[in-house]
Structures are given as C-alpha cells and as structure tokens.
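Here is a short briefing on a protein model. Look at the structure first, then read on.

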Amino acid sequence: MTRLRSIVNASETSAADSLYDGQSAESLAVLLSLPRVIIFDDLPSTLDVAHDLGEKGAEAGTLILADAQSAGRGRMGRVWRSDPGAGIWLTLLERPAGDESLGVLALRLALAVAPALDAFSVDPVALKWPNDLYVAGRKLAGILIEARWHGPRLDWLAVGAGINMRVPDGLEVAGLADGTDRVSVLRAIIPALRTAVATRGLLTREELRRYALRDFAARRRCTSPAEGIVAGIDAAGSLLVDTAQGRTASRAGSLILAPTDTHSLGDSA
Amino acid sequence: MIDLRYVKKLIEMIDESTVDSIEISSDKGMKIRISKSPQQRGTVQVAAPLPVPAMLPSAVAGRATPGEGLPAVTEPETPGRAEASKTQLLEVKSPMVGTFYQSPEPGAKHYVAVGDRVSKGQILCIIEAMKIMNEIESEYAGVLREIAVQDAQPVEYGQVLFRIDPNG
C-alpha cells in the first residue's frame, strides 16, 4: 500500500475548493456531524489518504470522499472500479479499542449499512458473508477495513466503502435507484457506520436475527470455505456450514456458492 | 479497608482494555497493582528453530559462550563483556488470531526481508482476521533477523512473527 504523502498534501490544498454534489467539505461535516470531511475530485484510493491522516493524528470520524478513484481496492489486491460520479467512494477513519468487537466488525458494519441503503434501493439489500451487500443477486456495495497496529495497540481503523450508484458499463453489479443523490445516502449510512464501530462485544441475538433475515447465502449449497449447505453465522461472526461430517464454523476464507445456486460475481470486498 | 467490588471492577476494566498493568496508590497508604500478561493466557507459542545460530536470543542461548556449530567469539569473556555481547533479539508478536501475509497483495513485493534494517513504525506484515486487513507496525528499530511465520499461514494470539536485533 503505497503512501501518497505528496499527493495528499497537494490535494488537501486543492480539496478546499472541491464540491461533492454541490456541497462543500465544511457543510458536509456539519450535515454529517463529523469533525472533518475532505473531498477529492480524483485520487488513487481514499484508504491511502486515511492512513496518511491517521499517522498525522487525525480525529476519529474524519471522512475522505472521492468523486473518482484510479486505484480503488478490494480484498487481496482486487480492484474496485470507481468511475467519476458513479458511486460513493469513501473512507472513514476511526479509533476504537482493539478488543473482541473487531472480530465481528466487518459483519456489523454491513448489517448497519444494509437497512440504511434499503430506502434508496428498488429491491431489499441482502448480505453475503461476511460483509458484501447485494441487491437482486448482484453486488451493490463492499466494505474493506484496514487496521493499523503498533505492537499490541490498535492505532486506527480505515473503513473503506464503495457503493455503486449506477451500474458501470460491462460490470454485472447492482446500483441504487435512479435519481438517488449521494449526500442523502451519506446522511443515512455515516451514522450507521459510526454506531457500528462504537458498538462493543460480539453479535447480539438481535443482530443475528437481523443478519439471518438478509442472509443471501442461507440454505444454499457452497463449495468454500467448506462444502455443504450454508446454515448461517454465529455470535463470533463465523460462517456455519452443514457438511457431510457435521457443522463447521469458518473464520477465514471466502464464501463461494455452488454454481447452480449463484447469480453473483463470487467473493470480493 | 479495600472495597473488593472496586478491585473487581478494576480487574474487569483492565481485562477489557489494552492496558497491561495499573498501579493505584491512595493517600491513606493503600496500594493496588493489577497486571495481565498476554503470555499467560494459554496461547500457542511456536518454537521455530532460528536460522541464524549466532543470533540466538540470550534466553535461548543461556550463556554467551560459543556453542557447537556457533561462530567463535574472539573477545575474551568478562562478565561485563558477556552481558554486552549477548544479542538480545526483540520479538514482534501477533496481536490477534488470523492469517499472516508478507505483502499487501498476492505477488506484490514483501514488506520486509531478513537482513533489512527496519525502523520503528514501519509496516512489517498484514494479518487478515475476519476480513480486517491488520497492518502490523514494528515497535522497534534494528535489523530483521528472522521471519518466524510462512506467508499465508494462520497465526495465534501472541505468536512470534519477527525477531529484530536492535544493535544490528
């Protein structure tokens, strides 16, 4: 992950004049109740900026927005296509405690964002373990979390999210309803993300119930991380699969549905 | 008189926090010290053989005398010299259970290699845990003497990931 100090510095100066759907960074900060919002017209990745600002001591709740990203990223080097104005490309910097809550944060964030996005989606938003958001079998949004640790201490979290507003050419993904404006979506999802980061402990019974209602993969056949039928998740966020040898709980790997049962692009973040 | 509920609350707070120990003194002479040691939590410690015998940490080497197969130490050993010549390697341990990666993405250049000089705050590796990519910074400056885990292997809480020679 290349650090782009010089680019950040240069862009922060020019970013002062950038608008995001007509809103200045200052007015967005007020609207979203955040200490600071930084807007970029175009940059490689909002995650890189968040890490740079994290090193410089930026406050929790600092939000980086970009109209376009040239190197938006998903898990393990996958590219997240971030065309100009085609979606919300953001990173939220947070500084929570490095406790057991982190183990379920990826799921909790998706679980928080899904209902916030329902209002802007033609069909209900579904979840695919651990934290992909789907609409009508196609990927709508992804969340990638990068944490920085100094020894045993968590310094900061960079919560990156990509939400497709419209479907880019040539990609089988989902978008939000026509006419949706990005600022309204931000007003819905930012408080949801921040509440999820601040919530401590493992998943509650109520969170498990809400996850089950949106579970894209439940009762479907999968080939990874184990071969069997997806049974759901547990309080620690593990994926439960009923296999020929019994029930397994997986905390690593990707959920890949059997070909006859999937209409999706498979795993990505 | 010590309020046991107060002590219990303190223990719970320490347990849930990243603080390792706390000591509180009152003006009436009461003193409470609570500490936790991650090593005592029954975690798995991997005793990987060290590839560079000359750089055995003192805890393993026991004495700083040259052993079989070790390069000869030319300086005469006085107690003071022996203390100074001991190469105390500092260990970077995993703060979580997860999967260890040496590079930011498959096929990319590794963050560090054995023999590299590393600085405090430099990213050494990534541990992926429940879809969070955890970048682990070095707590120490020095020369990297060992990478104790293979790429893409699972790691346990407290497992040694790297050994760094602060005097290298």
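How much area do domain 1 of chain A and domain 2 of chain A bury between them? They bury about 950 Å², with 66% of it on carbon and sulfur atoms. Buried area is the accessible area (1.4 Å probe) that two parts lose on being put together, summed over both.

This is a predicted model: local features need pLDDT of at least 70, side-chain atom pairs count only at pLDDT 80 or more, and totals for chains, interfaces and linings use all residues. Residues are numbered from 1 along each chain as its sequence is written, chains are lettered from A in the order in which they are written, and side-chain values use heavy atoms, without hydrogens and water.

**Domains of chain A**
- Domain 1 covers 2–211 and domain 2 covers 219–261; such bounds come from an automatic or database domain assignment.
- The contact (heavy atoms within 4.5 Å) takes 10 residues from domain 1 of chain A and 13 residues from domain 2 of chain A.
- The centres of the two domains, taken over C-alpha atoms, are 27 Å apart.

**Domain 1 side of the contact**
- By class, this side has 7 nonpolar, 1 polar and 2 charged residues. Ala, Val, Leu, Ile, Met, Phe, Trp, Tyr, Cys and Pro count as nonpolar, Asp, Glu, Lys and Arg as charged, and the others, Gly among them, as polar.

**Salt bridges**
- The count between the two domains is 0 salt bridges (a side-chain nitrogen of Lys or Arg within 4 Å of a carboxyl oxygen of Asp or Glu).

**Sheet in chain B**
- An open sheet of 4 strands runs β3-β10-β8-β5, with antiparallel pairing. Strands are DSSP runs (E, at least two residues), numbered from the N terminus, and two strands pair if DSSP finds at least two bridges between them.
- β3 (90–93) and β5 (117–118) of chain B stand at the edges with a single partner strand each, so one side of each has no neighbour in the sheet.
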